[in-house]
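Please look over the structure below. A short report on its main features follows.

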Amino acid sequence: MPSKPRIPTEPTLEELSAYLDHELDAGAQARVADHVAGCAECRTRLDGLRQTAYAIRALPMATPARAFTIPAQRRQASRWAPAGWIGGVAAALLIVIVGVNQLHVHGPGAASSTSALSGGPAGGANGHAAPATQYFAPDRGVGAASKAVYVNATTVVDPRDASRTLTVSTDARTYPSNGTLAVQVQVGGLASNETTVVRLLLERNGYAVELPTGSQGSGSAAGFQAGYALANLPLSSPVSGSYTLTAIEQLPGGSGATLVARLPITISG
Amino acid sequence: MDDRDLVGRARRGDREAFTQLIVQYQVPLYNMALRMVGGPDDAADIAQEAFLRAWEKIRTLRDAPFKSWLFQIAANLCYDHFRRVRRYGVMPDEDQTGNVVGLGIATPDPQERAEASERNQLVRESIEALEHDMRIAIILRDVNGLAYDEIARVLRVPLGTVKSRIARARAQVQERLQQHPDLFPTSSAQKDAHAE
């Protein structure tokens, strides 16, 4: 009597999943492959696991809204607490970025939640090295960013309403690759009840790095200032070259109309 | 320059070398934390704290790979986070929409974009519905692309446990996704559609 072709033992869920990841030893990998080739049900199970893994892998990678830094001096042992819970205390413990990230400012009189900075883009005060990246408060007259002189600027005007403007400025045209890019963004023409969002991109040859911003504001003097340590940005190599700093403001009203201000800058070796 | 050189320099107190390690790992580490805890602010706090602890303790790092060690620190912080949330209550939901890298991916059709966004949201929710041990295993594998032995080192569990957690996690996520055949048609349904 002819013997029936031998079908390897049906793989377990763990084996199918590990098979997908090529994490079985050679013998088990071959056994599962043999079985799956002859078993429609297991092929379906495997396809389901594969689709699931692909769906997770397809999630876009998010960029953190702030850069991560280490303090100038090693800190003493301290118990960690998330900034979201006891913000000010945590900030003091971590001795890291002081400033504002993802600010939600509603109105010119809104109080800033930032601490006053001790160091500007060019370096820290009191003999301490400045953190690698600092985010400064919106331009409310606080923060050392306001001491920067913004010499490189461009302004775009809404062709339908000349009172609406977007200005982006930097404190230099050329930066060393380990320098700090100080940026000022000013939004003109907003009514007091209007809010806007400005995004900042540093781009070159179609590749861009989105810079975190304290970008929401309202009223006629909306805007923000920020400093970015270039060494901490995921720029492509070689880092030196010509870039465009692009500010994008979605105009209020939901029409989709957008102002785009582009400012060339150079990063030298 | 590979991790070992940078770690060696960082162990001697070279901040610049450690900063390069931060640059190298900040996005994967942040995304691991983000997929674990859900909120971008909490995830950023965890990533920041993980780097700080790594910097402080790097002299104690001997032969273990930096990557596994760093992810282990962050994983422990995620578990600390869950313990605090359980003790003090759930934090308000955070906006998940900002700062997504979409460079170089063209999605010209607004409807396609909307569907992709819906699919991603569903996948995120399905991951967040997993029990913590399974969640971190599948994140380390499918978000961070770690090998099973690396995951075992990060989680300090046997390889068999890693295998089992990833498999069960995938099965549970799959079950949830399949409740939305409009967004996640099964392969048999796709074949049927092609045959028509």
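A residue counts as buried if 20 or more other C-beta atoms lie within 10 Å of its own, exposed if 12 or fewer, and partly exposed in between; C-beta atoms are placed from the backbone. Helices (H or I, at least four residues) and strands (E, at least two) are DSSP runs, numbered from the N terminus.

This is a predicted model, in which local features need pLDDT of at least 70, side-chain atom pairs count only at pLDDT 80 or more, and totals for chains, interfaces and linings use all residues. Residues are numbered from 1 along each chain as its sequence is written, while chains are lettered from A and ligands numbered from 1 in the order in which they are written.

**A helix in chain B**

Start with helix α7 (residues 148–155) of chain B. Six of its eight residues are buried, so the helix is largely enclosed by the rest of the structure. The buried ones are B:Y148, B:I151, B:A152, B:R153, B:V154 and B:L155. Just after α7(B) comes B:R156, with a positive phi.

Most residues other than glycine have a negative phi, and most peptide bonds are trans.

A cis peptide bond joins A:S237 and A:P238, with omega about -10°. A:P238 sits in the loop between β10 and β11 (241–250) of chain A.

**A sheet in chain A**

Four strands of chain A form an open sheet in the order β3-β4-β6-β10, with antiparallel pairing. β3 (152–158) and β10 (223–229) of chain A are at the edges; each has a single partner strand, so one side of each lacks a neighbour in the sheet. From one strand to the next, the twist averages 15°. Two strands pair if DSSP finds at least two bridges between them. Strands β4 (residues 161–170) and β6 (residues 180–188) of chain A have six bridges. A:T170 has A:V183 in β6(A) as its bridge partner.

**Where the chains meet**

Two residues are in contact if their C-beta atoms, placed from the backbone, lie within 7 Å. By that rule, 40 residues of chain A are in contact with 52 residues of chain B. On the side of chain A that touches chain B, α1 (13–20), α3 (40–57), α4 (83–94) and β8 (207–211) of chain A each give two or more residues. α3(A) gives the most, with ten residues.

Conventions:
Axes are lines fitted to C-alpha atoms, for helices over the stretch in contact, and angles run from 0 to 180 degrees between N-to-C directions.
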